[in-house]
Amino acid sequence: MKMLRHLALLLSLCTGLAVAQQEPARPFVDAARGPTPITESTKPPVLGNAVNDDVRRTRNYAMQPPTIPHRVDGYQIDKNFNKCLDCHARAKTEMTQAVPVSVTHYMDRSGRTLAQVSTRRYFCMQCHVPQDGVRPIVQNNFQDVDTVIQRAMQAQKANEKSSKK
Ligand code: HEC
Ligand code: HEC
């Protein structure tokens, strides 16, 4: 019985392979890298002029890392110095008026709060990014939770009205 099952599995694998081989390779196109094959490097686009309006933006959901509303080019972040923390560290914010990093930035992976920013949060631009005024390269129809709730409530009201008639 077991042997039979193995045989069936092998057979289905073989036919799968055969089908895969027959199909002509479709050219791979990725909106971000264009038609450049995955094995080759793309020519990086010219750097734009990062938005520098100092206006804190709405977050789309509670745990979204806020985007950076100021320029960051040339800021040093390495083992010797972290330019971001030069303004955003708790102790520096009175002088800089920057938003202090939140308590999650002091937590290690076991949830213990440390005295200094955790190494997991040291490289700020892993999560926080400056913005450029460019046309989006992929479509996005994300709606935040407030919009979703509002729509659901409107739909419910409309439903109740029509059932009363
Ligand atoms: C010279 C001081 C200074 C430095 C250096 C600096 N920031 Fe800021 N940052 C600010 C100030 C002040 C604000 C408040 C908005 C504004 O004025 O731009 C801010 C706002 C932000 C915000 C928005 C916070 C929110 O709640 O919307 C993020 C994210 C941020 N900075 C990240 C960074 C990162 C990452 C770096 C390093 C690459 C950095 N900042 C370096 C001063 C600084
Ligand atoms: C692993 C991802 C990650 C890294 C790395 C990281 N952050 Fe954040 N940051 C977040 C998230 C998520 C939030 C929003 C939720 C929260 O406060 O934890 C946030 C919030 C913030 C805020 C807003 C705080 C508030 O109370 O509104 C500031 C300012 C900030 N980060 C700055 C920094 C700076 C400066 C660094 C580098 C020293 C950094 N972050 C590194 C993910 C990250």
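The model is predicted, so local features need pLDDT of at least 70 and side-chain atom pairs count only at pLDDT 80 or more, while totals for chains, interfaces and linings use all residues. Residues are numbered from 1 along each chain as its sequence is written, and side-chain values use heavy atoms, leaving out hydrogens and water.

**The iron site**
- His70 and His88 each coordinate the iron atom of ligand 1 through NE2, at 1.9 to 2.0 Å; donors are N, O and S atoms within 2.8 Å of the metal (3.2 Å for Na, K and Ca).
- His70 sits in the loop between α1 (2-22) and α2 (83-88) and His88 in helix α2, so the two tie together parts that are 18 residues apart in sequence; helices are DSSP runs (H or I) of at least four residues.
- His70 is partly exposed at 23% relative accessibility, and His88 is partly exposed at 24%; buried means under 20%, exposed over 50%, and partly exposed in between (1.4 Å probe, protein chains only).

- A polar side-chain atom of Asp54 lies 2.7 Å from an oxygen atom of ligand 1.
- The side chain of Arg59 has an N or O atom 3.0 Å from an oxygen atom of ligand 1.

**Around His105**
- His105 is found in the loop between α3 (93-96) and α4 (145-164), and is buried, with a relative accessible area of 13%.
- Leaving aside residues up to four places away in sequence, His105 touches Val117, Ser118, Arg121 and His128; contact means heavy atoms within 4.5 Å.

Methods. Chains lettered and ligands numbered in written order. Polar contact = N/O pair within 3.5 Å; in protein donor to acceptor, adjacent residues only side chain to side chain.
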